[in-house]
Amino acid sequence: MIEIRGLEAAIGEKPILKGIDLTIKAGEIHAIMGPNGSGKSTLSKILAGHPDYTVTGGSIRYQGIDLLTLPADQRAQQGIFLAFQYPVEIPGVSNIYLLKAALNAKRRAQGLAEIDAFDFMQLIKAKLALVQMDEKFLHRAVNAGFSGGEKKRNEILQMALLEPTLAILDETDSGLDIDALKIVAQGVNSLHSKDNAILLITHYQRLLDYIIPDHVHILSNGKIIRSGDASLATLLETKGYAGIIQ
Amino acid sequence: MKSNTADSFSYYRHLLTETALPGQEAAWLASLRQREFDRFLQNGFPSRKQEDWKYTSTAALANTAFEINLQTQPLDKNRYEKTNPFIRLEYHTMVFVNGIFNKTLSHLDNLPKGVVLKEIIQAILSNEISSEAQFENNAHRGKPSCHGFSTLNIALMQSGFYLAVPENCTIEKPIHVMYIACDTPYEAHLHNHIVMEKGSHAHLIEHYIGLDKMSYFNNVISDIFLKEEALLNHCKITAESEDAFHIATTRTTQGRSSTFKSYSFASGGKLIRSDTHTLLKEKESEALLQGVFIAKNQQHIDHHTYIEHASEHTRSREWYKGIAHDKGRGVFNGRVRVEKGAIGTSAEQRSNNLLLSREAEIDTKPELEIFNDDVRCAHGATVGYLDEEALFYCATRGIPLKEARFLLTFAFVKEVVDTLENPHLRSILMYIMQSVLEDQIQC
Amino acid sequence: MDNRNTQINQFLNKEYEHGFVTSLESDALAPGLNEDVIRTISAKKNEPDFMLQWRLKAYRHWVTMTEPAWAHVHYPPISYQDIVYYSAPKQKKEALKSLDEVDPELLRTYEKLGISLKEQERLAGVAVDAVFDSVSVATTFKEKLKEKGIIFCSFSDAVQNHPELIKQYLGSVVPYRDNFFAALNAAVFTDGSFVYIPKGVRCPMELSTYFRINAANTGQFERTLIIADVGSYVSYLEGCTAPMRDENQLHAAVVELIALEKAEIKYSTVQNWYPGDKDGKGGIYNFVTKRGACRGDHSKISWTQIETGSAITWKYPSVLLQGDNSIGEFYSVALTNHHQQADTGTKMYHIGKNTKSTIISKGISAGQAQNAYRGLVSVLKGAQNARNYTQCDSLLLGPDCGAHTFPYIEVKNPTAQIEHEASTSKISEEQLFYCQQRGINTEDAVSMIVNGFCKQVIKQLPMEFAVEAQKLLGLSLEGSVG
């Protein structure tokens, strides 16, 4: 589904990624773990197409296309979804308005007609149940005044609605209490299928107790230094980053 | 012609002496007009050398020489009905066409008992305003709202409305006053006089709207008197024609525990200068001033506010949002003054501005003048482009840049519109703002 | 509460410490201003003709100008013909070879002010230029600085020894036409400090000028010019005091800073001119034009000022951000008490690309004083990605004082991000009570709170000045420099 080859990237003059190779196939769940400053979040921003990062080397092929040539909105329309570590607050824009605009943009890109209001409400209600969110969230401004947990659930709600092919979850577990973590994990698991893939980016092993990855990669100083199966995360838990990196 | 030259003075002298201005039967008015005109001759129009006019030049008015209408102006009923967005809601409606009251189009039948709403000259002739002392908003004498345009307004006043709401009366439905410009260029000096007696409540919409592409000039004063515990919800919509000049001053004098809620939405006109000045004269009075302006093409939109805290435990909150696009220029000057004895004052002021094009300009100046220590005052101002992170967020949700820009710009405005209490007014304003923005935010 | 107010008042009513007069014979001109006075000043200073011509042009322009009236300050008209435009302490010899030749009375004056001009007694890190009335009387560490190619001398010496630098840079940031007081200064300025830091040199010590007005009826018109060449760094400090006199005295200085590519200038002021007595009698009118130009890319100019003195302060240290990626900063504490008036702030002109400015202003007003912040942030059309953050806070002590904020924001480029915040409040009674409950008396509590309020600015000062600044603010020193 996605093939990352020798990816190098910088913010301003400062190199952050120094040659990343990663292949993710449909149906797989991958986890990227690493200490603070290792470049985890940079990788997620680059996949999503954030304008502040410059790719200085390497390539990303996604479903046969050169991903790096697409602007962020077209990547999203092609099925790439980023659940943000810190979702931005957009005062004045209601959640439902954003969701509908996003869904319709995707439908237009697929050559489908825009969804009518009635069908949309039916659809969104089903998705709300999945993340156990109240309907009143729809009418509040996007993330404005949401608690940390509400923001993260809202991200998963958007993911549920947009049904991405590749979902990147950036530190989705941070700031969640155990109940909210379970809800989020259940939501993600129920959205996972053989046709899509999930890339988890996380600092701690905690999330991986609920969403079991097929592959775990350890990122350090802009490079993947070790890959393995789910047991690598457990090893990491006991030895710590320092123990693995040296 | 209307620069500060002998020419423009003689032009106005001609208007004053040769035009059969109405209401001259009231001797006090005739003499007041003359004195105001003399004052105008002395001071002329404000110039950019004056701090209050630093960012706004009225020189463009110089090449105009409009006539003042004295006769009723025609407006087709169908056309009027299409123009009035509240037509089905049957608000208490006064319609002025090209500066002249149009009784046929107005709807004033269902006013509560004791409420007077009529053309101002009629109110003077029937002695509802019977003296200069009653007419003048004396508390604002010598303050920044007294300038060339306001003196000229009184000298040449030809129309406007008078609203008096008796004690403890609540008018449920809003009063909607429409000043419609159409067909032929004109110049109007409109004077509105609003008296809210003790404990009365009203909702007033002052609505300026231009139907045809033409140049004209509306020079407006709205004098508002709020007695003890009165509440006025005042919404001014300025949607003049693209080539119109609009200079307006709303000045309020507030009694004890009164509340003044002011909203100003300005999107249409070549040059708009809209001042809202309120004097919190007696204790525990409160003012809320909010506004939105969208300056596009070559528009120049200038909002000045002046809030004077003159008594104890008075409160004010202010929030203005501005957008400048194309070659538009938006100006906001918010001044809060807290007098020596005004202890326990709280004042808050926010000015947020979006600058959307390379040719546009925003000038903002939030000012605090504080003369005692028992206060809590704060202000904040921002100028910038749309939030890049929010744009990226929208993009990662698949929303194209153009659409995301519109979405965020619209949301920026909506935050202020959302604070309006009347849902109909909210949706009408959203509609107006949306059409102005859709038209423009195509970058 | 009354008791508390009394204590606050006692705290605020401290006497001015530097109000003594030095009795010295001085060489002064008669009061009055005309072209002959200017020619005399120029001749006394043995100036080359270009200087005289520049002064005369400035004078001729000045007579066409009117005094500005827009500031939030009030004072009776100044009679410019009653001012003495040149006053110098009489020296025994024309040129002094060493400090030993300086009149001991003068040295004692500076010692009394806490400024020793004897190098061995100075903290090693500071070189001083001492300006007494109209002239520079001594500059320390000149030789040591010379080894690095640094020029630090009086303006008069610079005119004699480095006329090419003066010719190139004088008036290039503050032209004589700039404003009324800048024009007056250009016509009659008598001395000041001059600094040149050569390419790539990091000035090894703090440079400092100490200004002292002594003679009566004398105006002080000094001019400071600092040039930081490519890649250099300098930190410069100035301090000011004057005797207590019943008449107002005029101080109209001009400071010009030039930072070339990758150069950095840090300019700090502790201004403690005589503020007048508690009834508003006497005091210095401090009408100053200070401006820096970030000419080169990646250059930086930072102004820090502690303004506690003067009857009236009227100054706006500004930065022209011409170079790409240049940075301008303004940190200010202005304390006004009794009948003092201050109208101060800054102007940041964003001209180059990716320019950044920060403004932190703290105003404290007590007694019947009026304290105004006036600032301009201007983003010109070509200034891509300009950033400004402004914070202005005012603290009011007492029911009769005033605090005012007049920020002007003018933006002509959509990539700019400008943010301004301001707040005004009185000293919190809860904070005072909290401190008292912990056994701290009101005086110390007010000190602590005022100190905390100003901390953001004071910490910008070099250590030695931070201590002086806090003394000036009447602050307790404990744990205050952070």
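## Chain A: overall build

The radius of gyration here is taken over C-alpha atoms, and the globule rule it is held against is 2.2 Å times the number of residues to the power 0.38. For the 246 residues of chain A, that rule puts a compact globule near 18 Å, and chain A comes in at 18 Å, so the two agree. Bear in mind that this is a predicted model.

Along its principal axes, the C-alpha trace of chain A spans about 55 × 40 × 35 Å. Buried residues account for 42% of the chain's 246 residues. If you take the contacts in chain A between residues at least 6 apart in sequence, 72% of them join residues at least 24 apart. As for secondary structure, chain A has seven helices and 12 strands.

## The sheet in chain A

Six of the chain A strands make an open sheet with mixed pairing, and the order is β6-β9-β10-β3-β11-β12. At the edges sit β6 (80-83) and β12 (223-228) of chain A, each pairing on one side only. From one strand to the next, the twist averages 20°.

Let's zoom in on one end of that order. Strand β11 (residues 215-220) of chain A pairs with β12(A) in the antiparallel sense, over five bridges. Which residue of β12(A) is the bridge partner of A:Ser220? That would be A:Lys223. There's also a helix to look at: α1 (residues 40-48) of chain A lies across β3 (29-33), β6, β9 (166-170), β10 (197-202) and β11 of chain A. Helix α1 of chain A runs at about 145° to β9(A).

## Two domains in chain B

Chain B splits into domain 1 (6-282) and domain 2 (387-443). The C-alpha centres of these two domains of chain B are 31 Å apart. Their contact takes 12 residues from domain 1 of chain B and nine residues from domain 2 of chain B.

On the domain 1 side of that contact, β7 (201-210), β9 (231-239) and β11 (259-268) of chain B each supply at least two residues. What classes of residue make up this side of domain 1 of chain B? There are nine nonpolar and three polar residues, and no charged ones.

## How the chains meet

Two pairs of chains touch, and the one with the most contacts is chains B and C. Chains A and C do not touch; their nearest C-alpha atoms are 13 Å apart.

Start with B against A: 18 residues of chain B are in contact with 20 residues of chain A. On the chain B side, the elements giving two or more residues are α7 (388-396) and α8 (401-417) of chain B. Helix α8(B) gives the most, with eight residues. By class, this side of chain B has 11 nonpolar, two polar and five charged residues.

Now B against C: 31 residues of chain B are in contact with 31 residues of chain C. Here the elements of chain B that give two or more residues are strands, β18 (361-370) and β19 (375-384). The class make-up on this side of chain B is 14 nonpolar, seven polar and 10 charged residues.

## A strand pair across B and C

The B–C contact also includes strand pairing. β18(B) pairs with strand β23 (residues 402-411) of chain C in the antiparallel sense, over six bridges.

Methods: Residues numbered from 1 in each chain as written. Chains lettered and ligands numbered in written order. Predicted model: local features only at pLDDT ≥ 70, side-chain atom pairs only at ≥ 80, totals over all residues. Domains from an automatic or database assignment. Contact = placed C-beta atoms within 7 Å. Helix = DSSP H or I, 4+ residues; strand = E, 2+ residues; numbered from the N terminus. Nonpolar A, V, L, I, M, F, W, Y, C, P; charged D, E, K, R; others polar. Buried ≥ 20, exposed ≤ 12 C-beta atoms within 10 Å, placed from the backbone. Pairing = 2+ DSSP bridges. Axes fitted to C-alpha atoms, helices over the stretch in contact; angles between N-to-C directions.
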